[in-house]
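My notes follow the order in which I checked them.

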Amino acid sequence: MDPFQYVSHANRVIFGQGKRSLAKQELVKLGIKKALVLSTPQQVELAFEIGEIIGELCGHIYTNAVQHVPVEVVNDAQRIVEKLDIDGLVAVGGGSSIGLAKAIALNTSLPILAIPTTYAGSEMTPVWGITENNIKKTGTNIVVKPKAVIYDPDLTITLPQNFAITSGMNAIAHCAEGLYAENANPIISLYAEEGVRALSNSLPKIIENPNDMDARSEAQYGTMFGGMVLGSVGMALHHKLCHTLGGTYNLPHAETHTVILPYAIQYNVEHAPNAIKALARALQTTEKDVPGALFDLANTLGISMSLRDLGMKESDLDQTAELATKNPYYNPRPVNKEGIRELLQLAFEGKRPVAGMISSK
């Protein structure tokens, strides 16, 4: 056994159908007396439902959260926090709502209760991101990690099928990169493998039967592990590419993670043998075909696997390769502009990755 370090940043998790009814009880435990409920415009109805559940503890409902957390939205919401003397935040939704809550907490240290409706996993991490002047800045600060999380599989019913799958693939990406993180450890690797297994098993069942609550519960279970991995160890090439594409070109977050994942794994496949073995077990495939299995999983679920289809211009691929190789994240395989440019071209065209597709130079 190699030496390792494992740090746990505990939060409280409440898991089960209908458990959103405990939101007020959780706010009381956190000592919150006047909460700001945050959501996107698409989740107004749910935000108001949560507002009714928490009753007199609801100080205001803000429904203008958007993806990539623009600094203008952060400033707008924070003015409400200051004006109304808000002392806690309730984030309802996915990465947009939870990301906004985190950005506010970064400046105010207010406690967060997260009620996720997607499989992105942001609710389990101390990672924040804010976009300013088309550049997404990210960081880690324990103050932004939600103090409590309510996982209610019922809330995922309203997720469009496309987004359910792409946010699930996003969670798989957290697990995959956690397996070859610079500070990987055997405990997080167990979480990561189990997260990939649970998500890859449940997502096809959700497509087959959207009302399969056992599958939806298993997907949220896998999501929890994905978030724990993301919040405990560093990420690598995949996340650097997605942050570049999302922050610079405003590509949709979960869809971009879905498209990039198989190619990022293909880039690293010969440099992370233990991670590939774990992924092969979780995906029930051969080590050689792990990138292809990830591609097939998303593709057979009806997801377009092309950056072109997400609105990316081929003429911007050179700039993307340049940006992604500046101040790169740790990666098991050294990052070079030529290899990244090859990776991006394959992702742009949506070709199924196979061995030797990206040069090893």
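These entries cover a hairpin, the cysteines and a pocket.

I am working from a predicted model, where local features need pLDDT of at least 70, side-chain atom pairs count only at pLDDT 80 or more, and totals for chains, interfaces and linings use all residues. Numbering starts from 1 along each chain as its sequence is written, and side-chain values use heavy atoms, with hydrogens and water left out.

I looked up strands β6 (residues 127-132) and β7 (residues 135-140), which run antiparallel and are joined by six bridges. Strands here are DSSP runs of E, at least two residues, numbered from the N terminus; two of them pair if DSSP finds at least two bridges between them. Thr 131 has Lys 136 in β7 as its bridge partner. Two residues lie between the strands, and Asn 133 takes a positive phi near 55°.

**Cysteines.** I searched the whole structure for disulfides (cysteine sulfur pairs within 2.5 Å) and found zero. Cys 175 is buried (under 20% relative accessible area), at 0%. Cys 242 is buried too, at 6%.

I then checked the second largest pocket, with a volume of about 520 Å³. A pocket is an open set of points on a 1 Å grid where a 1.4 Å probe fits, with protein on both sides within 12 Å along at least five of seven lines; lining residues have an atom within 4 Å of a point. The volume is the space filled by probe spheres set on the points. The lining has 22 residues, and among the closest to the centre are Leu 179 and Asn 274.

Conventions
Helices (H or I, at least four residues) and strands (E, at least two) are DSSP runs, numbered from the N terminus. Buried means under 20% relative accessible area, exposed over 50%, partly exposed in between (1.4 Å probe, protein chains only).
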